[in-house]
Amino acid sequence: LLIAAAYRMFPHAGLLASLLAMPLMGLAALALTYRLFLLHADRTTAVVVTIGMACTRLFYRYCFEVLTDLPFLVGVLAFFAGFEAIFHRRPDHPRRATWVDWGLLVGGLCFAVLTRPVMWALLLAVVLTLLISLIRQPARSAQTFICLGLVALVGLGLYWLDPRRGGEEHVVGEYEEAFVGTVLTQMGAIVHRAFHEFIPRLKKAWNE
């Protein structure tokens with residue numbers, strides 16, 4: 001989608017425009033990271049975390065590669081920044097949620113959904129989080145139901161509007177089916193490793 005839009009806007013420099021868009025998305029990801037942590041901590045902590053992310057080799061590399069990883073990250077961070085500002089900001093935060101936060105929530109979720117098939121896991125996590133929030137914070141039930149409706153619209157919209165649906169090459173669903181099939185067939189091994197390998201490692205590291 002990014003490359004197609006770049007060639008539509010810049011017919012003779014579409015690839016260059018795509019390459020330039022990636023570091024700009026990297027800067028957007030850093031700004032959203034700062035915003036996200038500022039909702040829960042002081043300015044110093046937010047600056048340190050943002051600088052640490054900027055210095056990460058993998059993040060720096062993705063800023064110069066036309067892959068879906070960085071756009072997906074930007075969408076997820078935008079959604080998280082909006083979601084946390086509306087539902088879980090620290091009590092002493094000086095500013096209430098505004099239309100900008102709702103814009104980040106809606107726009108970030110839509111953008112993340114468009115970038116990678118793995119977004120189904122994100123939608124599932126959001127739904128579970130909202131259901132828990134509905135139980136713990138009944139006073140915010142109106143906001144919670146609005147977000148649940150948004151998630152449903154985005155998920156259904158992607159399913160029905162995705163151009164990969166139908167036709168001779170029906171590819172939508174293959175990624176999800178492969179993921180679910182792998183989880184179902186290897187669930188026993190995953191649980192066994194979790195309890196017999198990973199959890200003992202965590203306990204050992206904690207004791208040390």
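**View A. Cysteines of the chain.** Cys110 is partly exposed, because its relative accessible area is 31%; buried means under 20% relative accessible area, exposed means over 50%, and partly exposed lies in between (1.4 Å probe, protein chains only). Cys63 is buried, with a relative accessible area of 7%. With a disulfide taken as a pair of cysteine sulfur atoms within 2.5 Å, the count comes to 0 disulfides.

The model shown is predicted: local features need pLDDT of at least 70, side-chain atom pairs count only at pLDDT 80 or more, and totals for chains, interfaces and linings use all residues. Residues are numbered from 1 along each chain as its sequence is written, and side-chain values use heavy atoms, with hydrogens and water left out.

**View B. The chain as a whole.** The secondary structure comprises 9 helices and 0 strands, where helices (H or I, at least four residues) and strands (E, at least two) are DSSP runs numbered from the N terminus. Along the sequence the pattern reads α-α-α-α-α-α-α-α-α. The chain has 208 residues, of which 31% are buried. Among contacts (heavy atoms within 4.5 Å) between residues at least 6 apart in sequence, 64% join residues at least 24 apart.

**View C. The nonpolar cores.** A nonpolar core is a set of buried Ala, Val, Leu, Ile, Met, Phe, Trp, Tyr and Cys residues joined through side-chain atoms within 4.5 Å. The largest core has 21 residues, and Leu105, Leu109, Val113 and Leu130 touch the most other members. At least two residues of this core come from each of helix H5 (69-87), helix H6 (99-115), helix H7 (119-136) and helix H8 (141-161). A second, separate core holds 14 residues, including Met25, Cys63, Leu70 and Leu77. When neighbours within four places in sequence are set aside, Leu130 is in contact with Phe83, Phe87, Thr144, Cys147, Leu148 and Val151.

View D. H6 consists of 17 residues and reaches 24 Å from its first C-alpha to its last, close to the 24 Å expected at 1.5 Å a residue; the expected span is 1.5 Å times one less than the number of residues. The buried residues in H6 are Asp101, Leu105, Gly108, Leu109, Ala112, Val113 and Thr115. An α-helix has 3.6 residues a turn, so residues three or four places apart point the same way. On the other side of H6, Trp99 and Leu114 are exposed. The cover over the buried residues of H6 includes helix H2 (14-38), H5, H7 and H8.

**View E. Helix H7 and its buried face.** H7 consists of 18 residues and reaches 26 Å from its first C-alpha to its last, close to the 26 Å expected at 1.5 Å a residue. Met119, Leu122, Leu123, Val126, Leu130 and Ser133 are buried in H7. Down the axis of H7, these buried residues fall within an arc of 95°, so they line one face of the helix. They pack against H5, H6 and H8. The face turned away from the buried side carries the exposed residues Leu124, Ile135 and Arg136.

**View F. Two buried threonines, Thr115 and Thr50****.** Thr115 is found in helix H6 and counts as buried because its relative accessibility is 17%. The Thr115 side chain reaches the backbone oxygen of Ala112 at 2.7 Å, a polar contact being a pair of N or O atoms within 3.5 Å; within protein, one must be able to donate a hydrogen and the other to accept it, and residues adjacent in sequence count only if both atoms are side-chain atoms. Apart from neighbours within four places in sequence, Thr115 is in contact with Thr68, Pro71 and Phe72.

Thr50 lies in helix H3 (residues 43-54) and is buried, at 12% relative accessibility. The side chain of Thr50 reaches the backbone oxygen of Ala46 at 2.7 Å. Apart from neighbours within four places in sequence, Thr50 is in contact with Leu30, Thr33 and Tyr34.

**View G. The surroundings of Ala81.** Ala81 lies in helix H5 and is buried, with a relative accessible area of 0%. Neighbours within four places in sequence aside, Ala81 is in contact with Leu32, Arg35, Leu36, Leu39 and Leu104. Ala81 and Gly108 stand 27 residues apart in sequence and 8.9 Å apart in space, C-alpha to C-alpha.

How values were computed
Arc of directions from axis to C-beta.
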